[in-house]
Amino acid sequence: IQIQAVAWSQVDGKDVYAPTRELLVSPPIVTIAPSAEQIIRAALRRQADAASELTYRIYLQELPPQPAPGFTGLQLALRIGLPVFVKPQTGKATPKMVWSVSQAPDNNLKVTLQNQGNAHVQVSDFALYVPGGEKPIAGESGSSYILAGQTRAWLVKTDLSEKMTGGRLRLKAYTDAGNVDTELPLGTP
């Protein structure tokens, strides 16, 4: 297994990875026998940021052995990315979630989360409801990180079986910073 650390940032809601020497991982290459364990150490080679969380990923990339002569199958190599978060030197590391929802073309809704805090937030899923309704009219599942100071938008298809009135929608979201249950005004793009 080859082990590599990269700096992690986001631009326009997309993850960006860059080589870094700030986070050291050891050992960089390791062979793990079946049913065995391996300790991997990580060390930060710089001071933590004064006010905001630092973000990295450690990738574990399987280096498969050469196939046997005459092998005609498919070989897959496993790659796992582990998030690494370094808290700021001073103050508390907390996300500040600002949600909004607006109408988009073709019966879609655009749900936006702006993280105005100094730490990441991980959203596992969310659903939108007509206020007082029991059945979600739109939603998204799957884990997404929104790093400090970043914005992420989802375009979700709506099920308009329940009538939308009053220009508001109820949002229920599940995050690592706590569950969200709030009403949002329905904006226009």
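Which residue in β6 is the bridge partner of Leu60? The bridge partner of Leu60 in β6 is Ile80. The model is predicted, and its chain has zero helices and 13 strands.

**The chain as a whole**

- Read from the N terminus, the order of elements is β-β-β-β-β-β-β-β-β-β-β-β-β.
- The chain is more spread out than a compact globule, because its radius of gyration is 21 Å, well over the 16 Å that the globule rule gives for 189 residues.
- The C-alpha trace spans about 65 × 55 × 30 Å along its principal axes.
- Buried residues make up 31% of the 189 residues of the chain.
- Among contacts with a separation of 6 or more, 59% are between residues 24 or more positions apart.
- The accessible surface amounts to about 11600 Å², and carbon and sulfur atoms contribute 51% of that surface.
- The side chains include 18 positive and 16 negative ones, and the centres of these two sets are 4 Å apart.

- Strand β5 covers residues 54–61, and seven of its eight residues are buried, so the strand is largely enclosed by the rest of the structure.
- A residue is called buried when its relative accessible area is under 20%.
- Strand β5 pairs with β1 in the antiparallel sense, over six bridges.
- Within this pairing, Ala7 has Tyr56 in β5 as its bridge partner.
- Strand β5 is also joined to strand β6 (residues 79–86) by eight bridges, and these two strands run antiparallel.

**Strand β9 and its partners**

- Strand β9 (residues 121–129) and strand β10 (residues 138–146) run antiparallel and are joined by seven bridges.
- One of the bridge pairs here is Val123 with Ser144, the latter in β10.
- Strand β9 is joined by six bridges to strand β12 (residues 168–175), again in an antiparallel arrangement.
- On this side, Asp125 has Tyr174 in β12 as its bridge partner.

**Two residues and their surroundings**

- Met97 is part of strand β7, which covers residues 97–104.
- Is Met97 buried, exposed or partly exposed? Met97 is partly exposed, as its relative accessible area is 25%.
- Leaving aside residues up to four places away in sequence, Met97 touches Leu113, Gln114, Val121, Thr175, Ala177 and Val180.
- Met97 and Gly132 are separated by 35 residues in sequence, and their C-alpha atoms are 23 Å apart in space.
- Thr158 is located in the loop between β11 (151–157) and β12.
- Thr158 counts as buried because its relative accessibility is 13%, which is under the 20% limit.
- With residues up to four places away in sequence again left out, Thr158 touches Asn107, Asn108, Leu109, Ile137 and Ala138.

**Backbone features in the loops**

- Most residues other than glycine have a negative phi, and most peptide bonds are trans.
- What kind of peptide bond joins Ser26 and Pro27? The bond between Ser26 and Pro27 is cis, with omega about 0 degrees.
- Pro27 is placed in the loop between β3 (23–26) and β4 (41–44).
- Ser35 is also found in the loop between β3 and β4.
- Although Ser35 is not a glycine, its phi is positive, at about 65 degrees.
- Ser35 counts as exposed because its relative accessibility is 85%, which is over the 50% limit.
- Asp12 is found in the loop between β1 (2–11) and β2 (14–19).
- Asp12 is likewise not a glycine, and its phi is positive at about 50 degrees.
- Asp12 has a relative accessibility of 75% and therefore counts as exposed.

Methods
Residues numbered from 1 in each chain as written. Predicted model: local features only at pLDDT ≥ 70, side-chain atom pairs only at ≥ 80, totals over all residues. Heavy atoms only, no water. Helix = DSSP H or I, 4+ residues; strand = E, 2+ residues; numbered from the N terminus. Rg over C-alpha atoms; globule rule 2.2 N^0.38 Å. Buried < 20%, exposed > 50% of the residue type's maximum accessible area, 1.4 Å probe, protein only. Contact = heavy atoms within 4.5 Å. Areas by Shrake-Rupley, 256 points an atom, 1.4 Å probe, with all protein chains shown as cover. Lys, Arg positive; Asp, Glu negative; His and termini not counted. Charge placed at Lys NZ, Arg CZ, Asp CG, Glu CD. Pairing = 2+ DSSP bridges.
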